[in-house]
Amino acid sequence: MKSDVEELMPRLLPVEFGERTDEVDLKGPPRTPQEYLRQVQLEASLCPDVVVAQIDPKKLKKKQTVNASVAGCHTAPVGFCPSLSWQQQQVSNFSDVRQSIMKNRNHWSSHTLDDNVHMPKLTDEEGWKKFCLGEEVYLGTLSCDTEPEAEPALDFTKVGFPPFLSIVSRLNQSTVMTVLDILISWFEQREFVPQLGRWLYALLACLEKPLLPEAHSSIRQLARRCAQLRSTLQSQEDEKLPALNLLICLVARYFEQNDLADQPE
């Protein structure tokens with residue numbers, strides 16, 4: 001006997017076992033591919049056409065807890081939020097920087113790097129942290145609140161290589177996104193340092209639009225971290241405040257993550 005489903009719908013994998021369906025053992029393992037397919041057909045024919053779930057209506061009347069993730073930024077403390085005109089000016093300046101990099105990328109990337117500049121491989125996460133931030137910050141031997149002092153012969157391996165145009169112009173989009181993710185991940189667990197701010201600004205300036213979905217997620221993570229850190233500052237004179245405001249502004253205003261934007265008081 002064929003089931004109603006078999007009568008109305010053609011089989012995609014017809015298997016002929018004759019009329020003796022009782023010879024197929026549903027409990028034992030199939031011995032051939034044809035027997036396996038016939039087992040599937042027989043099991044399907046034994047299922048009811050309509051299944052009704054048994055739900056206790058009383059449980060639906062109880063209050064249910066819903067956990068929602070808030071994706072926005074911490075609101076700036078009173079007096080810490082930049083003005084709208086300041087934000088607009090930063091976006092304009094940033095746009096000019098991006099256009100200049102795009103226009104002169106080939107020129108800057110053709111410059112010969114100094115012998116001491118050894119750029120890490122794409123997958124060398126620890127190498128990029130040391131390259132951008134310097135061994136002193138990476139190893140925790142330099143205070144996060146102080147700039148490295150100028151020296152007659154500055155050792156960039158200790159204080160980090162600045163994002164020279166001759167360096168960032170060599171980075172393709174895959175490398176830009178990778179290094180950006182590495183630094184944002186480091187920033188999630190660390191304090192803000194000047195070397196980090198310079199590199200984040202430079203990498204954002206090299207980030208092409210329209211953004212890929214993973215880029216959206218990364219820069220939003222950056223803005224939220226900046227806002228969270230800003231909310232802990234004790235003084236409007238803190239030297240980290242302008243840099244944190246700038247990064248939040250660029251993510252929100254230039255890259256159009258408008259729900260993260262600071263709203264002036």
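Contact here means heavy atoms within 4.5 Å. This is a predicted model, so local features need pLDDT of at least 70 and side-chain atom pairs count only at pLDDT 80 or more, while totals for chains, interfaces and linings use all residues. Residues are numbered from 1 along each chain as its sequence is written, and side-chain values use heavy atoms, with hydrogens and water left out.

**View 1. Lysine 129 and what it touches.** Lysine 129 sits in helix 5; helices are DSSP runs of H or I with at least four residues, strands are runs of E with at least two, and both are numbered from the N terminus. Leaving out residues up to four places away in sequence, lysine 129 is in contact with Gly134, Tyr138, Ile182 and Trp186. Its relative accessibility is 11%, so lysine 129 counts as buried. The cut-offs are under 20% relative accessible area for buried, over 50% for exposed, and partly exposed in between, using a 1.4 Å probe and protein chains only.

View 2. What does lysine 129 pair with in a salt bridge? The partner is glutamate 126, at 3.6 Å from N to O. For the count, a salt bridge is a side-chain nitrogen of Lys or Arg within 4 Å of a carboxyl oxygen of Asp or Glu. Both residues belong to helix 5 (residues 125–133) and are three residues apart, about one turn of the helix. Glutamate 126 has 35% relative accessibility, so this residue counts as partly exposed. By the same rule, the count for the model comes to six salt bridges.

**View 3. Aspartate 262 and arginine 230.** Here's another salt bridge, with the closest N and O atoms of aspartate 262 and arginine 230 being 2.8 Å apart. Arginine 230 lies in helix 11 (residues 213–230) and aspartate 262 in the segment after helix 12 (241–254), so the pair ties together parts that are 32 residues apart in sequence. Are these two residues buried or exposed? Both aspartate 262 and arginine 230 are buried.

**View 4. Aspartate 238 and lysine 240.** The side chains of these two residues also meet in a salt bridge, at 3.5 Å from N to O. Lysine 240 has a relative accessible area of 12% and is buried.

**View 5. Helix 11 against helix 12.** Two packed helices are described by the angle between their axes and the distance between the axes. For helix 11 and helix 12, the axes come within 9 Å and cross at roughly 150°. Those axes are lines fitted to C-alpha atoms, for helices over the stretch in contact, with angles running from 0 to 180 degrees between N-to-C directions. The crossing of helix 11 and helix 12 is left-handed, a label used if the near helix is turned anticlockwise from the far one by less than a right angle (right-handed if clockwise).

On the helix 11 side, the contact residues are Ile219, Arg220, Leu222, Ala223, Cys226, Ala227, Leu229 and Arg230, and they meet Leu241, Leu244, Asn245, Leu247, Ile248 and Val251 of helix 12. That contact splits into eleven nonpolar residues, one polar and two charged. In this scheme Ala, Val, Leu, Ile, Met, Phe, Trp, Tyr, Cys and Pro count as nonpolar, Asp, Glu, Lys and Arg as charged, and the others, Gly among them, as polar.

**View 6. Alanine 202 in helix 10.** Alanine 202 is part of helix 10 (residues 194–206). With 10% relative accessibility, alanine 202 counts as buried. Not counting residues up to four places away in sequence, alanine 202 touches Pro163 and Val168. How far apart are the C-alpha atoms of alanine 202 and leucine 180? They're separated by 9.7 Å, with the two residues 22 apart along the chain.

View 7. Lysine 209 and proline 210 are joined by a cis peptide bond, with omega about 0°. Proline 210 is in the loop between helix 10 and helix 11. Glutamate 256, in the segment after helix 12, has a positive phi of about 60° although it is not a glycine. At 55% relative accessibility, glutamate 256 counts as exposed.

**View 8. The overall setting.** The protein has twelve helices and zero strands. Of its 265 residues, buried ones make up 36%. Among contacts between residues at least 6 apart in sequence, 71% join residues at least 24 apart.
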